[in-house]
Structure formats: C-alpha cells, structure tokens
Amino acid sequence: AVPVTAAASDSDGSIASVLLYADGVVFATLGGTSPPYTASVTGLAAGVHVLTAKATDNGGASTTSAGVSITVDAAAGSGTVTLQDASGGYSGTRDVYLDWFNPGYAWGQANRMLEYANGYADLVRFAVFVSEGGPVPDGATITSATLSLYKQSAYDQSYQLRRVLKDWAEGEATWNKARSTLLWSVPGANGVGSDIDAVVVATGSVGWNPGWLNFDVTASVAAMSTGGANYGW
C-alpha cells in the first residue's frame, strides 16, 4: 500500500471533494470537509506510475494537480542463486593464479588455476550484488553462502580460504602485482593483514580423487552485503 496525500484549498468557498488517481484511474474519492486528503493505493505493478489529484469546490470548479511519478520495485522476497559463468546468463566470475615460477606473467585467461606448495596462489572473485553486476539485491540478508572449487587432479590436500584485501584485476594480477599499478605488499599476495586477511574464513579438503571443495563463506558475503569490500578470496 502506497500512502498518498493531497493538499487543496479554495479562496472564495470550500472544497467539496478530492479525487486521487493512479495512472488516470480513480482509487479514492474524499469529502472536502476533512483535510488532509489521504488514501492508500494498492496493487500497483512494478514500474513507473503517475499520481494526480483533482479538487472540486462548492461551486463546481475543479483543478487537477501536476503528476507525481513514483517507481514501484519488484518484491525482493528470498531465494537461492548460483554464481557460475554460463549459468543463467551470469558472467561475473574472475579468477587467476599467481605464479612464482613466472612472476611477471598474468594468467587471468587460463582455464584452470594451479597450486603447488608455495609456488602458486589462487584468487577467485564473484560479482554478487546488483551494484557490482551481480543478481543479489544490495543490502540483502545473507543466510547461507558456499564457495565451491573443483579439484581436477589427485592428492588429498587441505586448503585455506582467506579474503583478499587488495583490488586485483583478472587480466593484470601477477606474482608481483595485484594490478598493473598496484604491487602486492608481499609477492604472491602473501602479505597477511595487507594483501590477505589474517583470519582464515574456512578450510576445505577432499579425498585423493578429483572432487569438489566446499567452503562456507556466509560470514564473508554477509559482510559484503553490509558495505564490506568484495575483492574475493
């Protein structure tokens, strides 16, 4: 329900009635003896609507107000989204691995990320909220969020996930730089407290064979929803 209030007066008599309109259709007829002239309009579809008021005096003269435009947003409701490139038209994934063996090379266009002891660091980032190109309404309450990465090869390692603190670029990030004009504090994004958060968000492990690593990132995404920077993990 959208409350609407009109003001009306008459210099040589009195107001007999006030009609309130939404898109040219009357939604309220109000008597002229009891200002303010207020009523609520309901059932408006999402989109732009024009509200007007028409006042008639005791002599039958009338005036229609200028239109006031309002925009009705679709109900946010609740739901679950999957952020994966080529899924439902989404294209907001960014990932790169930083390469100690080739410290000046940007691997942003590679179709996989590598890890081997301390020789590589893997960065991944998603456009989550509308303001950054994602599908989730800004300020939404996050009740659950999971980051999943697929391990293609053998070995049963455990992995730590930390939030990244610098604004890196997929096509520019290297072992030495977060982007072309921004150095990592410690090469390989190894600056704890400067390049990456000191807090380990989650740990994940999978058996010897290929499989999915799943990390609980609810707290991270909730922090982003309330204004925290989203530089990924």
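Let me start with arginine 179, which counts as partly exposed because its relative accessibility is 24%. Buried means under 20% relative accessible area, exposed means over 50%, and partly exposed is in between, with a 1.4 Å probe and protein chains only.

Before going further, two notes on where this comes from. The model is predicted, so local features need pLDDT of at least 70 and side-chain atom pairs count only at pLDDT 80 or more, while totals for chains, interfaces and linings use all residues. Residues are numbered from 1 along each chain as its sequence is written, and side-chain values use heavy atoms, with hydrogens and water left out.

Back to arginine 179. Which residue does arginine 179 form a salt bridge with? The partner is aspartate 167, and the closest N and O atoms are 3.5 Å apart. Arginine 179 lies in strand β12 and aspartate 167 in the loop between β11 and β12, so this pair ties together parts that are 12 residues apart in sequence. By salt bridge I mean a side-chain nitrogen of Lys or Arg within 4 Å of a carboxyl oxygen of Asp or Glu. In general, side chains of opposite charge can pair when their charged atoms come close. Strands and helices here are DSSP runs, numbered from the N terminus: E and at least two residues for strands, H or I and at least four residues for helices.

How many salt bridges are there in the whole structure? A search finds three. Another one joins the side chains of arginine 125 and aspartate 167, at 2.9 Å from N to O. Here arginine 125 sits in strand β9 and aspartate 167 in the loop between β11 (158-161) and β12 (177-179), so the parts tied together are 42 residues apart in sequence. Arginine 125 is buried, at 18% relative accessible area, whereas aspartate 167 is partly exposed, at 28%.

There is also a salt bridge between aspartate 195 and lysine 166, with the closest N and O atoms 3.2 Å apart. Aspartate 195 is in the loop between β13 (182-183) and β14 (202-205), and lysine 166 is in the loop between β11 and β12, so the pair links parts 29 residues apart in sequence. Buried or exposed? Aspartate 195 is buried, with a relative accessible area of 0%, and lysine 166 is buried too, at 16%.

Now the protein as a whole. The model has one helix and 15 strands. The radius of gyration is 28 Å, well over the 17 Å that the globule rule gives for 233 residues, so the protein is more spread out than a compact globule. That radius is taken over C-alpha atoms, and the rule is 2.2 Å times the number of residues to the power 0.38. Along the principal axes, the C-alpha trace spans about 90 × 35 × 30 Å. Of the 233 residues, 34% count as buried.

Next, strand β2, residues 15-22. Why is β2 described as largely enclosed by the rest of the structure? Because seven of its eight residues are buried. β2 pairs with strand β5 (residues 47-57) in the antiparallel sense over seven bridges, and isoleucine 15 has aspartate 57 as its bridge partner in β5. Pairing requires that DSSP finds at least two bridges between two strands. β2 also pairs with strand β3 (residues 25-31), again antiparallel, over six bridges, and there alanine 22 has valine 25 as its bridge partner. β2 and β3 form a hairpin with two residues between them, and aspartate 23 in the turn has a positive phi of about 55°.

Leaving aside neighbours within four places in sequence, serine 17 is in contact, meaning heavy atoms within 4.5 Å, with residues including Leu30, Lys54 and Thr56.

Last, valine 72, in strand β7 (residues 68-72). Not counting residues up to four places away in sequence, valine 72 touches Leu44, Ala45, Ala46, Gly47 and His49. Valine 72 and alanine 110 are 38 residues apart along the chain, and their C-alpha atoms are separated by 43 Å.

That is all I have.
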